[in-house]
Every structure is written in C-alpha cells, then in structure tokens.
Amino acid sequence: GNLIRRARREPAGSREVVLIENRRGDRRPRGYGYIEEEVVRLPPPVVRIPREEYVVEVERASQRDLVQAFTAPPVERIERSYTLDEIRRSQPLRERMRRVDLDTITFEFGSWELPEDQIGAMTGIAQALQQAISQNPNEIFLVEGHTDAVGPDEDNLTLSDRRAETVATLLTERFQIPAENLTTQGYGEQYLKVNSQGPEQANRRVTLRRITPLLQGQNQQ
C-alpha cells in the first residue's frame, strides 16, 4: 500500500510528468519491496525570514501571505532530490520549506471529523492552493496531521493520519484541489505546537507544506 511513484499524463498523452518518485536509484530490491532508507541527517535550517512568514497561521494571514508560502523557494539550499519517504521521516529536511498552520479549524478530542460549519473555514487555504497549482500544475503539498500528548503513542499516530486524510479529502471533494497534488502523513504527538502534556486544542491540528523543491532537488521557485 505504499506509494512508489506518481505521474500525470499531459493532455493527449503526449508525455508523462513524474510528480513523486519514492524510490532511489541506488536502493537494492529485497523480496517484494526495497531496503528501508535511513533517516536523512541534516542540521536545522538557518531561517533568515520573519517567523510569521516562515510559520504562517491561516487565521492571521492574508490571501497573499498564503500564496507566498505555497510558492516560495526553500529557506536553505537543497543539495539533491529526496524521496517522499525521506521527506516524511526527516523534520530538518521538511523545515527547509515554509509551514502553513490550518488554525481556522479545530478537532475535538479523539476525533478526526470536522463539522460542516468548519469546512467553510478552509476556503482561504483552498483558494491559495488553487492559485499555486494554477502557476505550476506539478506542485506537491504535504498535509501533516498532529495530536496533543494525551493517550497512547500508537493511537495518536493513527488519529493524526486520519486528521491529515480528512483535510486532504475535503480539499479534493469540496474545493476541487486535485488529489494528485496532495500527499498526507500523520506525526501523532511528536511535534507539539504548545508544550503541554495535557489536552490542548492547538496541538490537535493539521499543517500544510510545499515539498516540490525537496522532491525535485530545486532551490528556486
């Protein structure tokens, strides 16, 4: 069930565009799969832009701020292209791209569902994604799910996966964001926004991040 490769055919089937390549050319096959890659070891990036531009909170951001976050280049040089799994597993690698916190929606404790009145709060971020994709149809965005620190690690990991999938599904079904431009990953309670071991709504969240330059090894827009 793991994603190996995602590609899109141009109109009339003239050519195939690879959106995600999740295999390294030097990875040796083993049985029916591949030897698992080690986690990419990188130092944290040096961020030279204002924090509000690096971590964009939807509730306080303008539409221009959101589009900029979804089209901006990495904050630090990218040395090579990375697989999707390498990106998912390495926080310092992901942190080379700006983050957008979808704080206009809130999940109830233990839930991955959103009531109808909260779905409309995703309109601004959906419009920003649409604008970014209209500029480059090959953009890929990682939808990251998170939980607070209450409960077993395994349960929180599953819950965070479902929260990320809920947002990605709504973006596709309600706002017509192509599913091919989105991929998801849950992180459980690993990356708390508020350092609290108790119930904390701000930690039950979803964030989005442009990862196209990481997949393609590009340093420019």
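Start by selecting Arg210, which at 3% relative accessibility counts as buried. Keep in mind as you go that this is a predicted model.

**Stop one: the charged pair at Arg210**

The side chains of Arg210 and Glu139 meet in a salt bridge, with 2.9 Å from N to O. Is Glu139 buried or exposed? Glu139 counts as buried too, at 4% relative accessibility.

Step to Arg209 and show Glu144 with it. These two form a salt bridge whose closest N and O atoms are 2.9 Å apart. Glu144 belongs to strand E7 and Arg209 to strand E9, so this pair ties together parts that are 65 residues apart in sequence. Colour by accessibility and you'll find Glu144 buried at 2%, and Arg209 buried as well, at 7%.

While the charged side chains are showing, pick out Glu57, Arg60, Arg99, Asp101, Asp103 and Lys193: salt bridges that share partners join them into one network. The structure holds 14 salt bridges in total.

Go to helix H3, residues 84-89. Select Arg88 and Asp85, which form a salt bridge with their closest N and O atoms 3.6 Å apart. Both residues lie in H3, three residues apart, or about one turn of the helix. An α-helix has 3.6 residues a turn, so residues three or four places apart point the same way. Arg88 counts as buried at 17% relative accessibility, and Asp85 is buried at 18%; the cut-off for buried is under 20%.

**Stop four: the sheet**

Hide the side chains and switch to cartoon. Five strands make up an open sheet, in the order E5-E6-E9-E7-E8, with mixed pairing. Which strands are at the edges? Look for E5 (55-57) and E8 (182-186), each of which pairs on one side only.

Zoom in on E5 and E6 (residues 99-101), which run parallel as a pair, over three bridges. Here Val56 stands opposite Val100 in E6.

**Stop five: helix H7**

Next, select residues 153-173. This is helix H7, which packs on the sheet and touches E7 (141-145), E8 and E9 (206-210). The direction of H7 makes about 160 degrees with that of E8. How many residues does H7 have? It has 21, and reaches 30 Å from its first C-alpha to its last, close to the 30 Å expected at 1.5 Å a residue.

Show the buried side chains of H7: Asn156, Leu159, Ser160, Arg163, Ala164, Thr166, Val167, Ala168, Leu170 and Leu171. They pack against helix H5 (116-119), helix H6 (123-135), E7, E8 and E9.

**Stop six: the nonpolar cores**

The largest nonpolar core has 32 residues, and Phe70, Met122, Ile125, Val167, Leu171 and Leu208 are the ones that touch the most other members. Helix H2 (63-71), H6, E7, H7 and E9 each give two or more residues to this core. H6 supplies the largest share, six residues.

Centre on Ile125 and show what surrounds it. Setting aside neighbours within four places in sequence, Ile125 is in contact with Val58, Leu66, Phe70, Val100, Leu102, Leu171 and Leu208. Apart from this core lies another, of 17 residues; to find it, select Ile20, Leu93, Leu142 and Tyr191, which are among them.

From Phe70, widen the view to the buried residues of H2: Leu66, Val67, Ala69, Phe70 and Thr71. What do they pack against? Their partners are E5, E6, H6, E7 and E9.

Then follow the chain into the loop between H2 and H3, where Pro73 is found. Pro73 is partly exposed, with a relative accessible area of 25%. Finish by drawing a distance from Pro73 to Thr212: their C-alpha atoms are separated by 9.4 Å, although the two are 139 residues apart along the chain.

Methods:
Residues are numbered from 1 along each chain as its sequence is written. This is a predicted model: local features need pLDDT of at least 70, side-chain atom pairs count only at pLDDT 80 or more; totals for chains, interfaces and linings use all residues. Side-chain values use heavy atoms; hydrogens and water are left out. Two strands pair if DSSP finds at least two bridges between them. Helices (H or I, at least four residues) and strands (E, at least two) are DSSP runs, numbered from the N terminus. Contact means heavy atoms within 4.5 Å. Axes are lines fitted to C-alpha atoms, for helices over the stretch in contact, and angles run from 0 to 180 degrees between N-to-C directions. The expected span of a helix is 1.5 Å times one less than its number of residues. Buried means under 20% relative accessible area, exposed over 50%, partly exposed in between (1.4 Å probe, protein chains only). A nonpolar core is a set of buried Ala, Val, Leu, Ile, Met, Phe, Trp, Tyr and Cys residues joined through side-chain atoms within 4.5 Å. A salt bridge is a side-chain nitrogen of Lys or Arg within 4 Å of a carboxyl oxygen of Asp or Glu.
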